[in-house]
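This report goes through a few side chains and their neighbours.

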Amino acid sequence: MAFTYRCLIIDDESPAHKALISHISKFDELEHSGSAFNGMEAIKLLNENQYDIIFLDINMPVISGVELMELQPNRPLTIVTTAYSDFALSAYQNDAIDYLMKPISLEKFSKAIEKAKTYYSGNTLKKETNSNEKVLSYRSNGQLLETPLADILYIESLGNYMKLHNCKLKSPIIIYGSLASISTEIDCSNFLQVHRSYIVNTAKITSVTFKNLTMSNGEIIPVGRKYQILLDNISIR
């Protein structure tokens, strides 16, 4: 069964809600699951319910959209919907996946949804039912997928996104999130951050030097200066 994205609209203007609800209704994979007309209502709904995508206005009373993003750093995937272009940098710095200017055409809305479907990720570490193998669950193109942690070579940061380099796949898996968030999901002795942009699977390291690592597929990963001391206890297998 296809994955359905639960959507929350946060905007202080009723016409904006109506326009977004109309757009949402045209996509089978989207579900309008909540509406908030100010930041306080939004925080209450976010704390009490689960959403996959939020459409967030910037210019709102009491709590602005930017302030809400700062107050809710672990919120669902965020698409900013606003009449103002001034806050794009702040929005992207707070991990917004897209920035749509009102009035929002269906074409631009559709492109933002495609981006969300491609990069949205629910990073949940769990055990498979029939084994003790740990896996990382993520969403890609609307599907909930899994990859065994043992197959991950390294994780590379790409700003708001990450590349999961899997030894059994030709292309990396691209998901939404940060190294800081995923490090809590893969909390096990085999993974180590060695650079501000890289977390590696220590079981896949074939050689170590002062400045870089060589992985089992031959790729070379840089080692940040402050992380070098962590490599002293690595045993190459």
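## Aromatic pairs

The count of aromatic pairs comes to four. The model in which they were counted is a predicted one.

One of the pairs is formed by Phe55 and Phe109, whose rings are stacked, at 5.3 Å centre to centre with 20 degrees between the planes. This pair links distant parts of the chain: Phe55 belongs to strand 3 (residues 53-56) and Phe109 to helix 5 (residues 106-119), 54 residues apart. Phe55 and Phe109 are buried. Together with Phe27, Phe55 and Phe109 make up one aromatic cluster.

## A tilted tyrosine pair

Tyr154 and Tyr198 also form an aromatic pair, here tilted, with 5.9 Å centre to centre and 55 degrees between the planes. Tyr154 lies in strand 9 (residues 152-158) and Tyr198 in strand 13 (residues 198-201), so that the pair links distant parts of the chain, 44 residues apart. Both tyrosines, Tyr154 and Tyr198, are buried.

His23 sits in helix 1 (residues 14-24). Its relative accessibility is 12%, and His23 therefore counts as buried, since buried means under 20%.

Leaving aside residues up to four places away in sequence, His23 touches Ile104, Ser105, Leu106 and Phe109. One of these, Ser105, is 82 residues from His23 in sequence, while the two are 8.7 Å apart in space, C-alpha to C-alpha. Another contact of His23, Phe109, is the residue that forms the stacked pair with Phe55.

How values were computed
Residues are numbered from 1 along each chain as its sequence is written. This is a predicted model: local features need pLDDT of at least 70, side-chain atom pairs count only at pLDDT 80 or more; totals for chains, interfaces and linings use all residues. Side-chain values use heavy atoms; hydrogens and water are left out. Helices (H or I, at least four residues) and strands (E, at least two) are DSSP runs, numbered from the N terminus. Buried means under 20% relative accessible area, exposed over 50%, partly exposed in between (1.4 Å probe, protein chains only). Contact means heavy atoms within 4.5 Å. Rings of Phe, Tyr and Trp (its six-membered ring) pair if their centres lie within 6.5 Å; planes under 30 degrees apart count as stacked, over 60 as edge-to-face and the rest as tilted.
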